[in-house]
Amino acid sequence: MKYFSLLIALFASLALPAQIVGKWKTMDDETGKARSIVEIYEQTGKLYGRIIELYREPGEDPEPLCVKCTDDRKNKPVKGMVIMRDMELVDGFYKNGSICDPKKGKVYNCEMWLDPNDKHKLQVRGYWGFLYRTQTWHRLQ
């Protein structure tokens, strides 16, 4: 029985990347409004996320640049930007990577996991030290 449980856990961890890979609608945790579509993809055993679409309010720049970024994303178009990098599967969660908030130009450590009650919701947490923000992203595919 012990080995059967381990085998099930192993298969579940192998299926996790396939469950997360795809397109997700990001929701602003402060306003509740849809902000973008991020495509999460696997590369060399890690997950990455690229903005493929932006939802813009009237008066907002339709093609914004990451002017506040301080790394290699500085002054690059937000649309097409890889905002999530190097996410590794550890104990059923993706972590040890980073996520960039292009609006604020800040890069945070990142963790993400599927909502245990709804596999169409992805919990994405950016944190710095003990401070963190969690957004719920919604599956499009």
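## Salt bridges

A search of the whole structure finds 7 salt bridges. A salt bridge here is a side-chain nitrogen of Lys or Arg within 4 Å of a carboxyl oxygen of Asp or Glu. Side chains of opposite charge can pair when their charged atoms come close. The model is predicted: local features need pLDDT of at least 70, side-chain atom pairs count only at pLDDT 80 or more, and totals for chains, interfaces and linings use all residues. Residues are numbered from 1 along each chain as its sequence is written, and side-chain values use heavy atoms, with hydrogens and water left out.

One of the bridges joins the side chains of Lys-104 and Glu-30, at 3.8 Å from N to O. Lys-104 sits in the loop between E5 and strand E6 (106-115), and Glu-30 in the loop between E1 and E2, so the pair ties together parts that are 74 residues apart in sequence. Strands (E, at least two residues) are DSSP runs, numbered from the N terminus. Lys-104 is partly exposed, at 36% relative accessible area. Glu-30 is exposed, at 56%. The cut-offs are under 20% relative accessible area for buried and over 50% for exposed, with partly exposed in between (1.4 Å probe, protein chains only).

## Bridges from strand E4

Glu-88 and Lys-46 also meet in a salt bridge, at 3.7 Å from N to O. Glu-88 lies in strand E4 and Lys-46 in strand E3 (residues 46-54), so this pair links parts that are 42 residues apart in sequence. Both ends are partly exposed: Glu-88 has a relative accessible area of 27%, and Lys-46 has 24%.

Arg-85 forms a salt bridge with Asp-72, and their closest N and O atoms are 2.9 Å apart. Arg-85 lies in strand E4 and Asp-72 in the loop between E3 and E4, so the parts tied together are 13 residues apart in sequence. Arg-85 is partly exposed, at 22% relative accessibility.

## Cysteines

The whole structure holds 1 disulfide, meaning a pair of cysteine sulfur atoms within 2.5 Å. The disulfide joins Cys-66 to Cys-69, with an S to S distance of 1.8 Å. The torsion about its S-S bond is about 60 degrees, so the disulfide is right-handed. Cys-66 is buried, at 0%. Cys-69 is buried too, at 0%.

What keeps Cys-100 from a bond with Cys-69? The closest cysteine sulfur to that of Cys-100 is in Cys-69, 3.8 Å away, which is too far for a bond. Cys-100 is buried, at 3% relative accessibility. Cys-110 is buried as well, at 0%.

Thr-26 belongs to strand E1 (residues 22-27). Thr-26 is buried, at 6% relative accessibility. Its side chain makes a polar contact of 2.7 Å with the side chain of Ser-36. A polar contact is a pair of N or O atoms within 3.5 Å; within protein, one must be able to donate a hydrogen and the other to accept it, and residues adjacent in sequence count only if both atoms are side-chain atoms.

Asp-28 lies in the loop between E1 and strand E2 (34-43). Asp-28 is buried, at 13%. Its side chain reaches the backbone nitrogen of Glu-30 at 2.6 Å. Asp-28 and Gln-135 are 107 residues apart in sequence, yet 6.9 Å apart in space, C-alpha to C-alpha.

## Positive phi angles

Asp-86 is not a glycine, but has a positive phi of about 60 degrees. Asp-86 lies in strand E4 (residues 82-90) and is partly exposed, at 31%. Asn-96 has a positive phi near 65 degrees, and is also a residue other than glycine. Asn-96 lies in strand E5 (residues 93-101) and is exposed, at 51%.

Definitions and conventions. Helices (H or I, at least four residues) and strands (E, at least two) are DSSP runs, numbered from the N terminus.
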